[in-house]
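Here is a brief report on side-chain packing and contacts. Start with the model itself, then read on.

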Amino acid sequence: MGKRILVVDDDLDNINYLKTVLEDNGYEVVYAENGDEGLEKAKEFKPSLILLDLMMPKKSGTDFLNEIKQDEEMRNIPIVVQSGASKQTGVQMKEYLKSQPFKDAKRKALGKDLDITPQPYLEKPIDPTELIETIKKFIG
């Protein structure tokens, strides 16, 4: 198997879809069904990249992102947000995640000058070609 990717998503159908696409492209896949489980798996498996849903029970994707970026050992793991939040909320999540107010609020909450904004955002349903191209930019 190739590089390990952690999929954190509460939708089992989406997990299975992503797992199939990723494994077909040579990646090893570990998954978690919520943010709490995702943090545990990230610590245990040390993934090369994380695919993160935003809207989940127990711990949201933004809370997960906050916590992982505070962890010295995991803060440099690339995180790709994949969500259907824009369709569900009407908020353009790609723009929101890149916005300065989001960065400033999170930096203030952390008490550190950390940029926790994820690099790419993929809207569900995810195009498999776009997914693999995005991942290759970060981990090959």
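## A buried lysine

At 13% relative accessibility, Lys 59 is classed as buried (under 20% relative accessible area, with a 1.4 Å probe and protein chains only). Lys 59 sits in the loop between S3 and H3. Its side chain makes a polar contact of 2.6 Å with that of Glu 67 (a pair of N or O atoms within 3.5 Å, one able to donate a hydrogen and the other to accept it; residues adjacent in sequence count only if both atoms are side-chain atoms).

Beyond neighbours within four places in sequence, Lys 59 is in contact with Gly 35, Asp 36, Leu 39, Phe 64 and Glu 67 (heavy atoms within 4.5 Å).

## Basis of the values

This is a predicted model: local features need pLDDT of at least 70, side-chain atom pairs count only at pLDDT 80 or more, and totals for chains, interfaces and linings use all residues. Residues are numbered from 1 along each chain as its sequence is written, and side-chain values use heavy atoms, leaving out hydrogens and water.

## Helix H3

H3 spans residues 61-70 (helices are DSSP runs of H or I, at least four residues; strands are E runs of at least two; both are numbered from the N terminus). The rest of the structure largely encloses H3, because 7 of its 10 residues are buried. Among them are Phe 64, Leu 65 and Ile 68.

## Nonpolar cores

The largest nonpolar core has 17 residues (buried Ala, Val, Leu, Ile, Met, Phe, Trp, Tyr and Cys joined through side-chain atoms within 4.5 Å). Ile 5, Val 7, Leu 22, Leu 51, Leu 131 and Ile 135 touch the most other members. S1, H1, S3 and H7 each supply at least two residues of this core. A second, separate core of 15 residues includes Ile 68 and Met 74.

Notes: Buried means under 20% relative accessible area, exposed over 50%, partly exposed in between (1.4 Å probe, protein chains only).
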